[in-house]
Amino acid sequence: MAITGIEIFKWLPKTNCGECGVPTCLAFAMSLAAGKMELAACPYVSEEAKAKLEEASAPPIRPVSIGVGDRALKVGGETVMFRHEKRFENPPGLAMLISDTMVAAEVDRRLERFKELEYERVGMTLRPELLALKADSGDDAKFVALVTKVEQASDASIILMSEKADILAAGLSACAQRKPLLYAATKENLDQVGHLARQNSCPLAAKAASLEELAQLTDRLTQSGIKDIVIDSGARSLRQAFTDQLVIRRAALLKKFRPLGFPSIVFPAEMTDDPMKEALIAATFVAKYGGIIVMSDFQGESLFPLLVERMNIFTDPQRPLATTEGIYEIGGLSEESPVLLTCNFSLTYFIVSGEVENSKVPGYLLVKDTEGLSVMTAWAAGKFSADVIAPFIKKCGITDRVKHRKLIIPGYIAAESGGLEEELPGWEIMVGPREGAHIPAYLKSWRP
Amino acid sequence: MAFDIPKIDYTGRIKEIKLGSGDEALTVGGQSSYPFHLFEGEMPHPPRIAMEVYDSPPEEWPEAALEPFTGVTDDPVAWAKKCVNDYGAEMVCLQLVSTDPNGLDRGADEAAEVVKKVAEAITVPLIVWGTANHDKDTEVLRRVSELCQGRKLIMGPVEEGDYKKIGASAIGYHHTVIASTPIDINLAKQLNILLGNLGVPDEQIIIDPTVSGIGYGIEYAYSVMERIRMAALAQQDEKLQFPIICNIARETWKTKEVKIATEEDPKLGDARKRGILMEAMSAMVLLLAGADVLIMRHPEAIGLVRQMIGELTTS
């Protein structure tokens with residue numbers, strides 16, 4: 001929210017009628033500023049005030065939705081330059097290019113890959129969202145055939161790419177209900193493509209040769225009633241494209257410059273012929289402000305790290321990722337395998353499970369829900385002490401899987417070993433290493 | 001529609017430090033703006049990449065990481081030479097894994113002799129990285145410092161628990177210390193203050209914020225580095241105006257995602273390329289957050305990151 005509670009308060013009726021649900025207008029203003037309530041909750045606010053407040057409180061970078069259903073994507077809506085200042089809101093969409101000049105078999109392979117390439121991590125499904133369909137052939141019929149095929153075979157959100165309004169219109173006729181992103185309005189075709197976007201209520205990308213020209217284009221589009229805009233500065237050299245991303249974000253956030261207050265679209269696909277380098281360019285734009293990132297292709301070796309990077313950068317710094325509580329099996333287990341306990345801070349889980357794997361000693365890893373807190377923090381907060389660990393050990397089902405009754409606890413909660421032996425009769429509590437890196441050596445010498 | 005590029009009023013500058021000695025010494029730091037923000041500041045020295053050499057044959061490296069060093073992994077001197085001669089390394093980092101008390105536990109004298117041989121075999125700047133065991137690192141790095149005087153090594157990790165003795169030795173023999181703290185801006189600042197109070201000159205300090213790779217908490221390192229740079233450049237925090245070094249290769253190549261064979265999980269793609277990209281992309285993320293020196297492993301990952309640095313810094 002770009003406006004303070006006090007500024008909002010000035011525009012409210014100041015009657016403290018309470019009909020909005022909070023007792024005073026000032027409290028209401030504060031809730032508005034915090035994004036907790038909507039202005040519509042006040043029945044008495046004047047039209048003039050409404051217009052002013054909407055203008056002033058509109059997010060500095062407009063959130064834009066593309067597509068419908070499961071793979072619908074929301075980009076933009078960012079409020080900070082650096083993730084530590086608050087958090088990044090909407091991860092950039094990843095798009096795979098398909099051209100209408102590709103042979104049918106290649107299109108099929110790409111659609112298949114798009115469908116297959118998804119990954120589970122910390123209970124989240126990581127996958128790309130978009131297919132960018134490009135009209136290279138110049139032939140309406142070919143483009144429509146491609147769009148129709150994709151529309152039927154894939155649930156991807158779609159980007160239609162052509163600078164010719166009539167070709168875009170043809171493609172759009174085959175997938176309008178999917179609310180594709182139209183790419184792109186340029187200074188040559190602005191009116192026709194703008195018309196197309198308005199008529200079909202589709203988001204629209206504007207492409208220019210410079211940021212100045214881009215601002216002019218979005219200004220014209222906004223005046224014609226189009227709000228959902230995605231912007232392409234046209235730069236295709238790494239340095240210029242990178243700089244443009246920084247400038248766009250700064251102009252929107254620091255200067256409240258509306259004409260650039262939109263999510264961007266960037267094209268690693270058009271910046272190099274080397275797929276490895278393309279992946280690094282994409283990685284750059286994941287961290288630095290890309291809204292939609294268009295790749296020439298998706299391959300597991302580059303898509304997987306990109307998706308994980310994206311998840312990492314867009315994790316809320318105030319809310320660490322947590323792993324689901326339960327028993328995690330590592331390696332070829334037996335009833336004699338060691339049982340280790342850790343917290344559910346996902347980073348701890350990754351490190352501990354990775355080190356158990358590195359040890360080549362199969363083991364059961366018991367992950368206790370500590371609300372995403374690390375071992376020491378959870379312990380200090382009373383969320384990782386004997387009285388909460390013991391019931392978890394009893395009910396998690398590990399007693400059915402191993403014959404022995406030996407539990408390895410993190411070295412940092414050694415103080416809980418006495419309490420645990422009391423709460424878990426029959427169990428031997430063993431104090432493991434403090435550092436993950438020492439787990440392999442510990443496990444190699446461990447005997448049931 | 002004309003508009004002015006909104007610029008930041010920077011009030012600080014990163015200190016320049018010279019690494020190594022002789023003709024192939026390198027300078028890093030000196031920036032007056034955020035990383036690669038060349039439209040509003042300078043980056044007089046590009047970030048540099050040091051190639052890793054292990055002082056004992058590496059265990060459990062995936063094939064993709066071993067293959068470029070076939071035949072030299074049991075000889076640190078030959079390995080270091082290969083890095084420089086075949087792969088054009090502009091710096092080398094000797095990882096003293098053999099000294100780990102939980103591992104081979106090689107003695108200080110023996111380990112230091114190996115460092116000396118490597119230092120004599122190459123002329124590029126040499127980083128020497130211990131095992132983060134305070135007692136052992138104190139013993140080993142002090143011996144190394146003495147044996148390699150005049151070579152202007154970069155030594156670490158130097159932590160709050162062992163900075164006094166290693167720091168004193170670095171002052172005496174003119175080496176640079178790697179001030180290492182666990183992903184925390186305040187601890188980083190505090191250690192720099194302690195090193196300053198001890199008498200370590202500013203131009204002999206480089207910050208190690210402790211880093212990890214993609215999927216293993218890189219976002220923590222990323223944000224701590226961004227905060228360090230913000231404090232240094234925009235908030236006049238002199239005690240954070242130092243270059244940053246990131247020991248990233250070992251963090252990426254030890255993960256299970258890098259070790260899974262292509263046929264084991266086809267959705268993860270080609271194992272070799274995946275390993276290279278996990279390393280290179282992690283390095284890229286750290287560069288964007290402010291890395292001045294990256295410690296890397298695979299020649300292709302290094303080549304890719306060098307290209308990126310080149311394109312981001314030259315117009």
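**Note on a predicted two-chain model**

1. Start with the contacts inside chain A. Among contacts in chain A with a separation of 6 or more, 66% join residues 24 or more positions apart. Keep in mind that this is a predicted model.

2. Next, the make-up of chain A. Chain A has 16 helices and 17 strands. Its C-alpha atoms fill a box of roughly 80 × 70 × 40 Å along the principal axes. Of the 448 residues in chain A, 46% are buried.

3. Now the domains. The assignment for chain A gives domain 1 (5-57), domain 2 (64-313) and domain 3 (326-444). Take the centres of domain 1 and domain 2 of chain A over C-alpha atoms: 36 Å separate them.

4. Where do the two chains meet? Chain A puts 50 residues into the contact, and chain B puts in 43 residues. On the side of chain A that touches chain B, the elements giving two or more residues are helix H8 (211-223), helix H9 (238-254), helix H10 (275-287), helix H11 (300-313) and helix H12 (346-359) of chain A. That side of chain A divides into 26 nonpolar, 12 polar and 12 charged residues.

5. Look at the sheet in chain B. It is an open sheet of eight strands with parallel pairing, in the order S8-S7-S6-S5-S4-S3-S10-S9. Which strands stand at the edges? They are strand S8 (205-208) and strand S9 (245-247) of chain B. Each has a single partner strand, so one side of each is left without a neighbour in the sheet. From one strand to the next, the twist averages 25°.

6. Strand S3 (residues 48-54) and strand S4 (residues 91-95) of chain B pair in the parallel sense, over five bridges. B:Ala50 stands opposite B:Met91 in S4 of chain B.

7. Then the nonpolar interior. In soluble globular proteins, nonpolar side chains tend to be buried together. Here the largest nonpolar core has 233 residues, and A:Leu182, B:Val92, B:Leu286 and B:Val305 touch the most other members. Helix H10 (residues 271-289) of chain B gives the most to this core, with 13 residues. The core also draws at least three residues from each of domain 2 (64-313) and domain 3 (326-444) of chain A. Another core, of 10 residues, lies apart from it; A:Ile8, A:Cys25, A:Ala29 and A:Leu32 are among its residues.

8. Leaving out residues up to four places away in sequence, B:Leu286 touches B:Val211, B:Ala221, B:Met225, B:Cys246, B:Ile248, B:Ala291 and B:Leu294.

9. The bond from A:Tyr183 to A:Ala184 is cis, with omega near 15°. A:Ala184 lies in strand S8 (residues 181-185) of chain A. In chain B, a cis peptide bond joins B:Gly156 and B:Pro157, with omega about -5°. B:Pro157 is found in strand S6 (residues 154-158) of chain B.

10. Two lysines have positive phi. For A:Lys256, phi is near 50°, a positive value in a residue other than glycine. A:Lys256 is found in the loop between H9 and strand S11 (265-266) of chain A. Is A:Lys256 buried or exposed? It counts as exposed, because it has 12 C-beta neighbours inside 10 Å, and the cut-off for exposed is 12 or fewer. A:Lys360 has a positive phi of about 65°, though it is not a glycine either. A:Lys360 is found in the loop between H12 and strand S15 (363-368) of chain A. A:Lys360 is exposed too, with 11 other C-beta atoms within 10 Å.

11. Finish at B:Thr313. This residue is found in helix H11 (residues 299-313) of chain B. B:Thr313 counts as partly exposed because it has 14 C-beta neighbours inside 10 Å. How far apart in space are B:Thr313 and B:Pro47? They are 9.8 Å apart, C-alpha to C-alpha, while 266 residues apart in sequence. Not counting residues up to four places away in sequence, B:Thr313 touches B:Phe36, B:Leu38, B:Met43 and B:Pro46.

Technical notes:
Residues are numbered from 1 along each chain as its sequence is written. Chains are lettered from A and ligands numbered from 1 in the order in which they are written. Two residues are in contact if their C-beta atoms, placed from the backbone, lie within 7 Å. Helices (H or I, at least four residues) and strands (E, at least two) are DSSP runs, numbered from the N terminus. Ala, Val, Leu, Ile, Met, Phe, Trp, Tyr, Cys and Pro count as nonpolar, Asp, Glu, Lys and Arg as charged, and the others, Gly among them, as polar. Two strands pair if DSSP finds at least two bridges between them. Axes are lines fitted to C-alpha atoms, for helices over the stretch in contact, and angles run from 0 to 180 degrees between N-to-C directions. A nonpolar core is a set of buried Ala, Val, Leu, Ile, Met, Phe, Trp, Tyr and Cys residues joined through C-beta atoms within 7 Å. A residue is buried if 20 or more other C-beta atoms lie within 10 Å of its own, exposed if 12 or fewer, and partly exposed in between; C-beta atoms are placed from the backbone. Domain bounds come from an automatic or database domain assignment.
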